[in-house]
Amino acid sequence: MVLYGLAIAYAGAVMAGKADSISVFSKAMKRTITCTIVTPTPKNGDTTPLAVMYLLHGYGGSHNSWLTQVPELTKLANDFQTIFVCPD
């Protein structure tokens, strides 16, 4: 039974996307903006364009608020083949 649980946990880890932070200079704001980008795991040979959803944190949050409050965001990115952008 324990082995079965480990197999499910491992399969879930394989099927999750990944999250990275990037910094982009904004000419309009005259400063560098940090963003968290959550991308799905690429499917073999699939060249279909991916949807992009911007998740705004609201007052008092930061670029990693969504990932902290919704840790399954990497799995959702993979399930729906969607890129999530969380700007600061």
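Residues are numbered from 1 along each chain as its sequence is written, and side-chain values use heavy atoms, with hydrogens and water left out. Because the model is predicted, local features need pLDDT of at least 70 and side-chain atom pairs count only at pLDDT 80 or more, whereas totals for chains, interfaces and linings use all residues.

The protein chain holds 3 helices and 4 strands, taken as DSSP runs (H or I over at least four residues for helices, E over at least two for strands) and numbered from the N terminus. Read from that end, their order is α-β-β-β-α-α-β. Among contacts (heavy atoms within 4.5 Å) between residues at least 6 apart in sequence, 63% join residues at least 24 apart.

Of the 88 residues, 26% are buried, that is, under 20% relative accessible area with a 1.4 Å probe and protein chains only, while exposed means over 50% and partly exposed lies in between. The largest nonpolar core consists of V38, L55, L73, A77, F84 and C86; such a core is a set of buried Ala, Val, Leu, Ile, Met, Phe, Trp, Tyr and Cys residues joined through side-chain atoms within 4.5 Å. Two or more of its residues come from each of α3 (73–80) and β4 (82–87). Leaving aside residues up to four places away in sequence, L73 touches V38, L55, W66, L67 and F84.
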